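Have a look at the structure, then go through the notes by topic.

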Amino acid sequence: MAMAVQVFLGGLACIFSTSLLFQLLVGPCREGVFFCSQSSTKGPSTAIVSERYRTAYHLQPPKNWINDPCGPMYYNGIYHEFYQYNPDGSFNPNTSYNIVWGHSVSTDLVNWITLEPAIEPDTPNDIKGCWSGSATIVSGDQPVIIYTGVIDIEKHQVQNIALPKNRSDPYLREWTKAGNNPVIQSGVPGLNSGQFRDPTTGWIGPDGLWRIAVGAQLNGYGAALLYKSEDFLNWTRVDHPLYSSNASIMLECLDFFAVLPGSNNGLDMSSAIPNGAKHVLKMGLNFGEDVYVIGVYDLKRDVFVPDTDDSRLWPRIDYGNFYASKTFFDSKHGRRIIWAWTTETDSSSDDVAKGWAGIHSFPRTIWLDSDSKRLLQWPVEEIESLRGNEINHQGLDLKMGDLFEIEGADTLQADIEIDFELTSIDDADPFDPSWLFDAEKHCREADASVHGSIGPFGLVILASDDTEEHTVVHFRVYKSQKNYMILMCSDLRRSSLTPGLDTPTYGGFFEFDLEKERKISLRTLIDRSAVESFGGGGRVCIMARVYPVSLVDDNRQPHMYAFNNGSATVRVPQLRAWSMRRAQVSV
Ligand code: DQQ
């Protein structure tokens, strides 16, 4: 390939283009590639314990361990986010039985005030831990939390209610547990009382009664048990589950909500749901995968009927490090918002040394595509208040092997929006439907260094000067029988030279009508150790955690590039990148 090296100077688009440089940046370590250092001995083992990795605009409390988001709600002008929190340190409190509901409040979903924990294990109904749950605003003005209490060291579980002590406190700082707790006990034939948790937000059924679902293991399978109540305090079980599946032995952190195809207005589950709405059941499968199923809520039978029962084809809410997600209806803006827990991918001793572990993904608006096949997600627009100086490029042509350095933004804290326009789609490689069952494998095998007809193209971010460390987010385009299939990957295998980190390759496919729309968009939020990407307008989302040694060792800015390594030239009609200011996430 011809050697050409270009840089962006004084507003002129200049592009690096050498096969060697290209391989150096995006290829995984391969034998015989002289610059590729497989060994990770360069990085000090304590490299992770650095303030440089602490995120600047993703929610986390000042210190300690957090996991699942719990009971998010908007009430009287304030957003509330509760979360599983370990008051004793930055380790997983699973065996110390002391997990509480941490509490943060915000007026804009960007800046947060950390309050005292809202619910702590101090009654026989939750003495071994206050686990996940939800908030419902009953009768328009009464917030009610329903959560799982762990009652003994065997981790038997019951469901409890907590109410604000003083509704006129704008922050709802103190919560009182209901006198009739537990409001729901296990006691169901075939139910494993050690796998019975995470009650959903309530919704009103056709008979005017409240309903909630509780995740469970029933007769060895995952089930969403259904309960009804007139007053939200006294609950009776409906004799059949809302849904059950053998896709997992347990359904964790259920979420059930209605959506209108093609409309990004959210629907309030406490009100009547308009005709034409679909329902979504979000389930945590196999203790680590958040999948969703679109379907119909059959009001007569009071069951959820999924559009497909084939669990192998259920899409993930996010194909990366993203679990225990929870949505809520934001009545201020009439939208539905989702967020999730994102783990650290270092060791637990590193977490103890850092003094913090776990963040929440940035809040995203979530809605249903017009064809009712896919949920779309996009960071809430309030994020734009953090945008600082902007870099803007137009009309770049990326030929095979081209790398375009994006300079001038803070590459450690950035928001990048880039469109890739396909000049020709005739030569797309054929799609093999079996790839749908393991997109990650496909991302590993056909990584960014492997030429394709259309793609790979995307971003190389958090790259060290010598490029030995870098993270790649990229697309490949395939032609299927009916349409085009786009693979989106987030490849972390070279994200850090520190040994012992979990550095997977994440991936997901989405269908896209390239005949109609030739542009595939990529938005990536870089927040130090968090890389949160939205492909195809939010059809596939991938959250990732990375800890490049070079950030700590050199204390300098990493590099960021747009690239193309497919035969077809890809146009970039528009590339915008903003430096992101630090939010006040833990005041
Ligand atoms: N985390 C909570 C459980 C939930 C799990 C305990 C999911 O309620 O099922 O911290 O991460």
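A residue counts as near a molecule if one of its heavy atoms lies within 4 Å of it. On that basis, the ligand is surrounded by Asn67, Asp68, Gln84, Ile99, Trp131, Ser132, Arg197, Asp198, Glu252, Cys253, Tyr323 and Trp341. Keep in mind that this is a predicted model, where local features need pLDDT of at least 70, side-chain atom pairs count only at pLDDT 80 or more, and totals for chains, interfaces and linings use all residues. Residues are numbered from 1 along each chain as its sequence is written, and side-chain values use heavy atoms, with hydrogens and water left out.

**Ligand site**

- By type, the shell around the ligand splits into five nonpolar, three polar and four charged residues (Ala, Val, Leu, Ile, Met, Phe, Trp, Tyr, Cys and Pro count as nonpolar, Asp, Glu, Lys and Arg as charged, and the others, Gly among them, as polar).
- For polar contacts (pairs of N or O atoms within 3.5 Å), Asp198 has a side-chain N or O atom 2.6 Å from a ligand oxygen.
- Arg197 puts a polar side-chain atom 2.8 Å from an oxygen atom of the ligand.
- Ser132 uses its backbone instead: a polar atom there is 3.2 Å from a ligand oxygen.
- On its own the ligand exposes 310 Å², and the protein buries 89% of that (Shrake-Rupley areas with a 1.4 Å probe).
- Strand E2 (64–75), strand E6 (130–138) and strand E16 (252–259) are the elements that each give two or more residues to the ligand shell (strands are DSSP runs of E with at least two residues, helices are runs of H or I with at least four, and both are numbered from the N terminus).

**Disulfide**

- There's one disulfide by count, taking a disulfide as a pair of cysteine sulfur atoms within 2.5 Å.
- Cys443 and Cys489 form it, with their sulfur atoms 2.1 Å apart.
- The Cys443–Cys489 link is left-handed, at -85° about the S-S bond.
- It ties together distant parts of the chain, 46 residues apart: Cys443 is in helix H3 (residues 439–445) and Cys489 in strand E32 (residues 484–491).

- The Asn181 to Pro182 peptide bond is cis, with omega near -5°, and Pro182 falls in the loop between strand E9 (175–177) and strand E10 (191–197).
- Gly455 and Pro456 are also joined by a cis peptide bond, with omega about 5°; Pro456 is in the loop between H3 and strand E30 (457–463).
- Ser139, a residue other than glycine, has a positive phi near 55°, and Ser139 sits in the loop between E6 and strand E7 (142–150).

Technical notes
A polar contact is a pair of N or O atoms within 3.5 Å; within protein, one must be able to donate a hydrogen and the other to accept it, and residues adjacent in sequence count only if both atoms are side-chain atoms.
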